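My notes follow in the order I made them.

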Amino acid sequence: MRIENQPGYVLHARPWRETSLLVEALTLEHGRIGLLARGVQGPRKQALRAALQPLQAIQFDAVLGGELAQLRRAESTDVAPRLQGPSMLAGFYVNELVMRLAPRHDPLPELHAAFGLLRERLRHAEPLAWTLRRFERDLLEALGFGFDWASAADGAPIDPAARYRLDPQEGPLRQLSERSSQQRRSLATGAALLALAEDQQPTADDLASLRLQMRAVLLHHLGGRGLKSWEMLGDLSRP
């Protein structure tokens, strides 16, 4: 099958043999796809190599005849976000997350759109934690795993003053207030869940309460096997 003038975002590229690259891309019409880019070495191929860097938006032609498509042409359609420090690690994180969760050859236009929004938020240095939580929300929704963020699993409206555990299948479960302070800090605030529902950035404390609960949901869908980027974040937090 021929793929022509297909828009996509590069997720990952690694060398293959001496002159080629194996590329993972998130495309508009074909979902996540593996591309074999042959003969990308040499001065005349500099533009092609630049187009196949992670987070780059591209348009490409390819021939799909199995698990991998043979890349015939690729060109950049914009300038990739220039990321440093935590933003660079965030880019590595979302690319790894999409590669692990998005099935191959399954069109997910909502995920393609969410990834485009994420790139622009990273480009403009919007608050990083909020940018990531919004993308995680949109990723779950695009994959069919999303929640009604304004309602608890039992159908009751979310109480902004309460604390919730996110069950990967049932959604937000209200937790009793008798828990210890440490246990409560690991739970998401109702205010944070409502902020996701309304797409309005919460306070710093409410936003921080989302991280562990969102990670637990993602870990469930990852089959219990964590991400390398989570390990890197853990290494950076140690003295």
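Is Arg165 buried, partly exposed or exposed? I looked it up: Arg165 is partly exposed, because its relative accessibility is 33%. I keep in mind that this is a predicted model.

**Entry 1: charged pairs**

I then looked for the partner of Arg165. Its side chain meets that of Asp167 in a salt bridge, at 3.8 Å from N to O. Asp167 counts as buried, because its relative accessibility is 13% and the cut-off for buried is under 20%. I also noted a network elsewhere: salt bridges with shared partners join Glu126, Arg134, Arg137, Asp138 and Asp199.

Asp138 and Arg137 form a salt bridge, and their closest N and O atoms are 2.9 Å apart. I checked Arg137 for burial. Arg137 counts as buried at 11% relative accessibility.

How many salt bridges does the structure hold? I read off 17.

**Entry 2: helix H3**

I stayed with H3. It has 15 residues and reaches 21 Å from first C-alpha to last, close to the 21 Å expected at 1.5 Å a residue. I listed its buried residues: Leu111, His112, Ala114, Phe115, Gly116, Leu118, Arg119, Arg121 and Leu122.

What covers these buried residues of H3? I found that the cover includes strand S1 (2-16), strand S2 (20-27), strand S4 (57-64), H2 and helix H4 (128-142). Just after H3, I noted that Ala125 takes a positive phi of about 55 degrees.

**Entry 3: nonpolar cores**

I turned to the largest nonpolar core, which has 47 residues. Which of them touch the most other members? I got Leu111, Phe115 and Phe135. At least two residues of this core come from each of S1, H2, H3, H4, S6, helix H6 (190-198) and H8.

Leaving aside neighbours within four places in sequence, I found Phe115 in contact with Tyr9, Leu11, Leu26, Leu55, Val94, Asn95, Val98 and Phe135. I also logged a second, separate core of 19 residues, which includes Ala25, Leu35, Ala37 and Ala62.

**Entry 4: a sheet and its helix**

Last, I looked at an open sheet of three strands. Their order is S7-S6-S8, and the pairing is antiparallel. Strand S7 (171-174) and strand S8 (188-189) are the edge strands, each pairing on one side only.

I checked how S6 and S8 meet. Strand S6 (residues 163-167) pairs with S8 in the antiparallel sense over two bridges. Which residue of S8 is the bridge partner of Arg163? I found Thr189.

Helix H8 (residues 210-221) packs on this sheet and touches S6 and S8. I noted that the direction of H8 makes about 20 degrees with that of S6.

Technical notes. Residues numbered from 1 in each chain as written. Predicted model: local features only at pLDDT ≥ 70, side-chain atom pairs only at ≥ 80, totals over all residues. Heavy atoms only, no water. Salt bridge = Lys/Arg side-chain N within 4 Å of Asp/Glu carboxyl O. Buried < 20%, exposed > 50% of the residue type's maximum accessible area, 1.4 Å probe, protein only. Pairing = 2+ DSSP bridges. Helix = DSSP H or I, 4+ residues; strand = E, 2+ residues; numbered from the N terminus. Contact = heavy atoms within 4.5 Å. Axes fitted to C-alpha atoms, helices over the stretch in contact; angles between N-to-C directions. Expected span 1.5 Å × (residues − 1). Core = buried A, V, L, I, M, F, W, Y, C linked by side-chain atoms within 4.5 Å.
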